[in-house]
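The following report describes how two chains are built and how they meet. Please keep the sequence and the structure in view while reading.

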Amino acid sequence: MITTIIALACVTFATRYLFLAKHLPFTIGPKFQRFLSFSAPCVLTAIWVPIVFMQNGELASNLHNPYILGATMAILLALKFKSLYITTFGSLAVFFVFF
Amino acid sequence: MKIAIKKGLLDMLPLNLAVLPWGILCGSLAIQNGFSALEAQLMSLLVFAGSAQLVAIELMAKDVSFVTLLITTFIISARHLLYGLSIRNKMVDKPLKWRGPIAFFLTDELFAFSHHHRAYQGKLRLVYALVAGFSFYLAWNLWTFFGIVAGQFLPDLTNLGLDFAIAAIFIALVVPGISNLPILLACVVSGLSMLYFKTVEFEFGLVAAALLGMTTGYLLQAKEDKS
């Protein structure tokens, strides 16, 4: 069992470390870097959108559910305040009012 | 230095708390599936990957082949290749004592704080990232430990709505950075395609959705720069 766990750890660490390895003989040019600059907003959006719009593996059918109302509030707060804490706790409050 | 440490802790704190139900689940699910306490904790100490851990625990309990287990874990972890690629230019010239730990802590959560154009530049920003990443590691292992020792007495906490907290935090991190149309449409394409990939249960959905969004953003940006 421990061997299996170590093997799994090697897989997860390898995916994280591979492109940080010095000996990997390639450089990222400005165009590719520009392409990659979109990665964080895209990945994070691809993580939060299904949390909000899908429950139990199905698309939300009702727009008046706490996830969508809370996310709407989060977007408004994020646009207005640009603060991690205000957005998170403000929209959580809305979410739990309707939850 | 103190400010960098404090900011790292404060920025990661909401996520540290929000993942509590899944950390506990990782601990309790492992115990339920016949892991010893040590093995259950080692999953979080060494593998340190929420969704990959949960899936691996269930597969190991089902006695699937070693190769299937490794491939499945790789598929779930493949998105980290994209994270490493994205921060390569910022990190590759740093000594191993920084690159090693940062790579080890490079979860979705740490990557969420890696977008700043000066991220990882200079010692303070490296300390910031390391503190943020390490605090998440500690929290994840603490929640796993709770799951191991108390999982059987706790109800399932994953349906308490804390998944919304994760969504809210990511919204808080993404939305202020949407400064022009290419980024906006990149996000829209990623979000919509992810919904589609989820409904058809495409395993590389997250990576594919991200790449589609990135391509959209890149092409629109290139078009804008031309005109």
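## The interface between the chains

In this predicted model, 57 residues of chain A are in contact with 72 residues of chain B; two residues are in contact if their C-beta atoms, placed from the backbone, lie within 7 Å. At least two residues each are supplied to the side of chain A that touches chain B by helix 1 (2-17), helix 2 (30-36), helix 3 (39-53), helix 4 (66-81) and helix 5 (84-98) of chain A. Helices (H or I, at least four residues) and strands (E, at least two) are DSSP runs, numbered from the N terminus. Helix 3 of chain A gives the largest share of this side, 15 residues. By class, the side of chain A that touches chain B holds 43 nonpolar, 10 polar and four charged residues. Here Ala, Val, Leu, Ile, Met, Phe, Trp, Tyr, Cys and Pro count as nonpolar, Asp, Glu, Lys and Arg as charged, and the others, Gly among them, as polar.

Residues are numbered from 1 along each chain as its sequence is written, and chains are lettered from A and ligands numbered from 1 in the order in which they are written. As this is a predicted model, local features need pLDDT of at least 70 and side-chain atom pairs count only at pLDDT 80 or more, whereas totals for chains, interfaces and linings use all residues.

## A helix pair across the interface

Helix 5 of chain A packs with helix 10 (residues 162-174) of chain B at an angle of about 140°, their axes being 9 Å apart. Axes are lines fitted to C-alpha atoms, for helices over the stretch in contact, and angles run from 0 to 180 degrees between N-to-C directions. From helix 5 of chain A, L84(A), T87(A), T88(A), S91(A), L92(A) and F95(A) meet F164(B), A165(B), A168(B), I169(B), I171(B), A172(B) and L173(B) of helix 10 of chain B. This contact of helix 5 of chain A with helix 10 of chain B has 10 nonpolar, three polar and no charged residues.

## The nonpolar core

The largest nonpolar core has 98 residues, and I169(B), F170(B) and I171(B) have the most contacts inside it. Such a core is a set of buried Ala, Val, Leu, Ile, Met, Phe, Trp, Tyr and Cys residues joined through C-beta atoms within 7 Å. A residue is buried if 20 or more other C-beta atoms lie within 10 Å of its own, exposed if 12 or fewer, and partly exposed in between, with C-beta atoms placed from the backbone. Not counting residues up to four places away in sequence, F170(B) touches L44(A), I47(A), W48(A) and A112(B).

## The two chains

Chain A comes to five helices and two strands, in the order α-α-α-β-β-α-α from the N terminus on. The radius of gyration of chain A is 20 Å, well over the 13 Å that the globule rule gives for 99 residues, so chain A is more spread out than a compact globule. The radius is taken over C-alpha atoms, and the rule is 2.2 Å times the number of residues to the power 0.38.

Chain B has 12 helices and zero strands. Its radius of gyration is 19 Å, close to the 17 Å that the globule rule gives for 227 residues, so chain B is as compact as a globular protein of that length.

| Chain | C-alpha extent along principal axes | Buried residues |
|---|---|---|
| Chain A | about 50 × 45 × 25 Å | 40% of 99 residues |
| Chain B | roughly 60 × 45 × 35 Å | 48% of 227 residues |

In chain B, residues 24 or more positions apart account for 72% of the contacts with a separation of 6 or more.
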